[in-house]
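Student: Could you walk me through this structure, step by step? I have not looked at it before.

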Amino acid sequence: MIDIKKTYKNYVDGKYVRSESGKTYTKELKNEFYELPLTSKKDIRDAVTSSKNGYKKWSSATPYLRMQILYRLSEMIEGNKESYVELLMDHGLTKQKATKDIDESIQNIVWFAGLADKWEQLAGNLNPVSEEYFNISHQNPIGVVFSLSSSNVSLNELLMSILPSLTVGCSVISYSEENSVLALKFAEDINNSDFPSGSLNILSGKFENILNDVSKHVEINLVALHKELDKEGLKTIEQNASESVKRVFSQPSIEGLSSILPYLETKTVWHPKGT
Amino acid sequence: MKNIKTHGTSIEWSNVLEMVHESRIDSVGLNERVNSLATRSIKKDSKLEALNMIVSMCDLTTLEGEDTEGKISQMVAKAIKPNPLDNSVPSVAAVCVYPSLVHIAKEKVQHSNVKVAAVSSYFPSGQVPMESKLLDTKYAIDSGADEIDIVINRKAFLEGDYRKVYDEIVALKEVCQDVHLKTILEVGDLKTYENIRKASLISLAAGSDFIKTSTGKLSVGSSRHACYVMLKSVLDFESKIGIKAGIKVAGGIRDAKDAIRYLVMINEEMGSDWLSPELFRFGASSLLDDVLKQIKKLKTGAYQAGYYFPRG
């Protein structure tokens with residue numbers, strides 16, 4: 001049998017693409033060398049263009065459809081469970097830990113799938129006002145989200161950096177540095193789950209290369225950092241982001257309902273009660 | 001056979017026919033040349049200059065049934081000051097509207113150097129009797145149009161009645177007198193390079209000041225390949241007759257990158273004389289928005305969003 005190796009590529013706009021720069025970086029796992037795309041600033045530009053279009057499709061999809069697609073994703077991962085466990089073990093995890101990570105991942109996806117048509121009732125509300133009006137805080141997805149995934153090798157942690165924003169209807173650019181083999185493998189299940197192209201783009205590379213371009217890009221509405229950055233890096237990001245009033249969250253909560261709150265924008269509506 | 005005066009030069013129909021008959025084109029070579037010209041990389045300062053040049057060459061266009069006075073004022077405001085926050089961005093060359101809206105546009109462009117172009121001769125199809133085309137054109141000129149964009153008679157052209165195509169343009173040029181005449185070939189309807197070349201030469205010989213690729217109303221708009229055929233025709237016409245005519249590309253040019261490729265092609269093939277709004281124009285509605293975004297991107301280093309720029 002010939003051992004066929006896989007070439008991992010970025011996943012942008014529903015397609016597997018190499019970096020426009022042609023550059024790669026190497027990651028060694030169990031004496032094997034993985035060549036991964038080194039995302040350039042032009043790749044970021046293309047991903048944002050795609051995410052902007054993806055946002056229109058994904059945010060206008062019914063919550064019911066978003067729920068079905070997310071549930072489908074859990075089915076795909078369930079089907080490929082063995083290969084995920086194997087890959088995590090290549091990263092040095094024990095079989096027990098790897099299996100636990102995948103099980104938790106699947107459970108979390110199902111939880112968020114269930115939340116897809118419920119979060120608005122839970123996060124939005126009717127405000128008490130003294131006049132004869134309904135005063136409603138209506139919650140909207142914020143738009144294009146850039147999410148830097150955690151450096152821990154864990155599918156569950158990767159998912160928790162994506163699912164909260166994706167569930168409420170944001171389109172997400174997920175960027176991985178240390179666990180990029182896992183992220184790019186995960187892109188294949190995204191591709192098989194009927195997500196509209198551009199709703200979730202998955203890129204790999206060195207974050208320092210694109211830090212400036214991401215934080216300055218006017219069309220990215222929010223930057224979520226699920227990894228601890230040095231003080232200086234974070235300051236640069238926040239300064240750049242302020243130019244376009246971009247929101248920046250460093251290690252936002254991934255617990256339950258609070259996980260989706262950063263990705264929402266509140267619109268307040270007044271409506272006469274008409275007694 | 002009467003001699004027609006165009007640009008102060010007489011071109012006999014027999015000479016036109018002779019030119020038109022030499023219209024064979026090596027399409028493989030042409031494609032290769034055009035594609036190779038698209039690979040040039042234009043960086044930083046040159047890019048900024050190119051982008052500003054593109055703005056100054058734009059004919060900002062709205063040609064819809066839904067055009068109103070308000071929409072025209074909004075567009076003219078944008079034409080005069082494309083980016084209100086950046087005075088170094090030049091005004092566009094012209095605004096392009098339907099004849100019934102010329103007087104409004106004309107009033108709004110006062111005190112600026114933006115010209116008003118009107119599409120006439122029953123744009124975009126041109127499928128009416130000649131009398132109506134003349135009337136349409138006369139109306140636009142009387143309303144104050146500085147430039148007239150007409151369509152060639154594609155019905156006559158595709159039926160092989162080149163003389164009719166020629167005569168119609170000549171008659172319309174007579175109505176125009178000194179008003180700038182741009183003739184739209186609608187390359188999407190002409191299908192072949194040979195046809196584009198024939199139509200270019202006929203239009204030039206009949207006295208057009210500009211030849212223009214498309215109406216923008218077909219799904220097939222301008223292409224660099226069609227533009228290449230047209231620019232070669234303009235050059236051949238210049239070498240035979242001694243008159244420099246202009247080219248306007250329109251329809252389907254949506255981003256700055258593509259527009260820069262046109263400029264590269266014009267500069268390489270025709271020389272820098274043609275890199276001026278006097279001889280080269282872009283028909284644009286969405287192109288300008290992207291160019292403004294790219295200019296700001298170059299100056300700030302940040303990729304821009306469309307909603308920070310004026311609509312129009």
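Tutor: Gladly! Two strands pair if DSSP finds at least two bridges between them; helices (H or I, at least four residues) and strands (E, at least two) are DSSP runs, numbered from the N terminus. This is a predicted model, where local features need pLDDT of at least 70, side-chain atom pairs count only at pLDDT 80 or more, and totals for chains, interfaces and linings use all residues. Residues are numbered from 1 along each chain as its sequence is written, while chains are lettered from A and ligands numbered from 1 in the order in which they are written.

Student: How many bridges join β6 of chain A to β12(A)?

Tutor: Strand β6 covers residues 133–141 of chain A and runs antiparallel to β12(A). Within this pair, Y133(A) stands opposite P272(A). The number of bridges is nine.

Student: Is A145(B) buried or exposed?

Tutor: A145(B) sits in the loop between α6 (130–142) and β6 (147–151) of chain B. A residue is buried if 20 or more other C-beta atoms, placed from the backbone, lie within 10 Å of its own, exposed if 12 or fewer, and partly exposed in between. A145(B) has 28 such atoms within 10 Å, so the answer is buried.
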